[in-house]
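Student: Could you walk me through this one? I'd like to start with a pocket and then move on to the contacts between side chains.

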Amino acid sequence: MTVFQSTDFDGHEQVVYCGDERSGLRAIIAIHNTNLGPALGGCRMWPYGSEREALSDALRLSRGMTYKNALAGLDCGGGKAVIIGDPKSDKSEALLRAMGRAVDSLGGHYITAEDVGMTVQDMDVLRQVTPHARGVSRGCGNPSPATAFGVYNGIRAAIAYKLKRNGLDGMRIAVQGLGSVGGRLCDYLARDGARLAVADIDEPRVRRAVETHGAEAVPSAEIHGYDADVFAPCALGAILNDETIPRIKAPIVAGAANNQLAAPRHGAALTARGILYAPDYVINAGGVIDVAAEGPGYNADAVLTRAAGIHDTLLGIFQRADAEGLPTGAIADRMAEDRFLRE
């Protein structure tokens, strides 16, 4: 299969295969669109089963970053890098430095940052060989807190719009995934009086939520069907599919996970069931807002203020979706395209 034959190819500007025999690096950098500025998007390391899977992920995620960055109001295009390998056993300083050189070879056309399987410390290594790595320890660091804060504000917007409630006190929120974003999200929600139900394959994370917030532990396979006001997917993608959507009881789906819809048609399926969906790349944009701000004059408070603006962005999407009778995801796509295709 060639790049152009992939069903995930969407007019990408550039797809670069990167290899380094000495370190074992095998990576793909996909640049989708740079109309608004250099492509910004994370670097993911994952033990893909095949090159086809890695290419598909790079193409799909880079396209998503174009839309995310555009709707977040950033002067950045969309890109993504994937490294083929197990981050627990295959990662080395030599491999990271080789990846940094690959990024640097693009001359700033692509700016990378932390993603799944990568850490702030890994970005520090990349930064030693390229200035085009963000989210370093001497910069903004881990962007997860900003992501969680944006999702928290997005949930507030969804509840205000759908349930006509101005606060979270007593709201039942089912959180799937308690990692660096989901765990912090629970902290925000509990602080405002929400009643939490939680699920994660990592038992210590569940135990922490139960002990700290009085959350109810729910099996991972059942959390999407929990009787809640909000279902917040904060784990893997494609959780909204033919099997799960009929079981969802919550009138709102709003969470941090990327690519929550298994296919675009599932956005329409949620709308048909009367479920309000907060498009994932809109609600989880706090992290990229943080990374984009890194540099001279970086101000963490200003980042959080901008991430809080996700609340009003979502309200506008919800209102327009109702007015035009379209799924919220379709409206978000149109709004993003109005910006990055016009420029």
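**Pocket, contacts and cysteines**

Tutor: The lining of the second largest pocket is made up of 8 nonpolar, 4 polar and 2 charged residues, where Ala, Val, Leu, Ile, Met, Phe, Trp, Tyr, Cys and Pro count as nonpolar, Asp, Glu, Lys and Arg as charged, and the others, Gly among them, as polar. This is a predicted model, in which local features need pLDDT of at least 70 and side-chain atom pairs count only at pLDDT 80 or more, while totals for chains, interfaces and linings use all residues. Residues are numbered from 1 along each chain as its sequence is written, and side-chain values use heavy atoms, with hydrogens and water left out.

Student: How much space lies in the second largest pocket?

Tutor: About 180 Å³, a volume being the space filled by probe spheres set on grid points that are joined across faces, edges and corners. A pocket is found on a 1 Å grid over the protein atoms alone, as an open set of points where a 1.4 Å probe fits, with protein on both sides within 12 Å along at least five of seven lines, and lining residues have an atom within 4 Å of a point.

Student: Which residues are closest to its centre?

Tutor: Of the 14 residues lining the second largest pocket, those closest to its centre are Thr271, Ile275, Leu276, Asp322 and Thr328. Two or more lining residues are given by each of helix 4 (144-162), helix 7 (265-272), strand 12 (276-277) and helix 11 (310-324), and the largest share, 3 residues, comes from helix 11. Helices (H or I, at least four residues) and strands (E, at least two) are DSSP runs, numbered from the N terminus.

Student: Switching topic, how many salt bridges are there?

Tutor: The structure holds 19 salt bridges, each a side-chain nitrogen of Lys or Arg within 4 Å of a carboxyl oxygen of Asp or Glu. In one of them, the closest N and O atoms of Arg63 and Asp10 are 2.9 Å apart.

Student: What does that pair tie together?

Tutor: Arg63 lies in helix 1 (residues 51-71) and Asp10 in the segment before strand 1 (14-20), so the pair joins parts that are 53 residues apart in sequence. Arg63 is partly exposed at 30% relative accessible area, and Asp10 is partly exposed at 35%; buried means under 20%, exposed over 50%, and partly exposed in between (1.4 Å probe, protein chains only).

Student: Which partners does Arg205 have?

Tutor: Arg205 meets Asp200 in a salt bridge at 3.5 Å, N to O, and forms another with Asp202 at 3.8 Å. Asp200 is buried at 12%, whereas Asp202 is partly exposed at 28%, and Arg205 is partly exposed at 39%.

Student: And what about aromatic pairs, how many does the structure hold?

Tutor: There are 7 aromatic pairs, meaning rings of Phe, Tyr and Trp (its six-membered ring) with centres within 6.5 Å, where planes under 30 degrees apart are stacked, over 60 edge-to-face and the rest tilted. Tyr67 and Tyr281 form an edge-to-face pair, 6.1 Å centre to centre with 65° between the planes. Tyr67 lies in helix 1 and Tyr281 in helix 8 (residues 280-283), so this pair ties together parts 214 residues apart in sequence.

Student: Last one, how many disulfides?

Tutor: The count is 0 disulfides, a disulfide being a pair of cysteine sulfur atoms within 2.5 Å. For Cys43, the nearest cysteine sulfur, that of Cys18, is 9.3 Å away.
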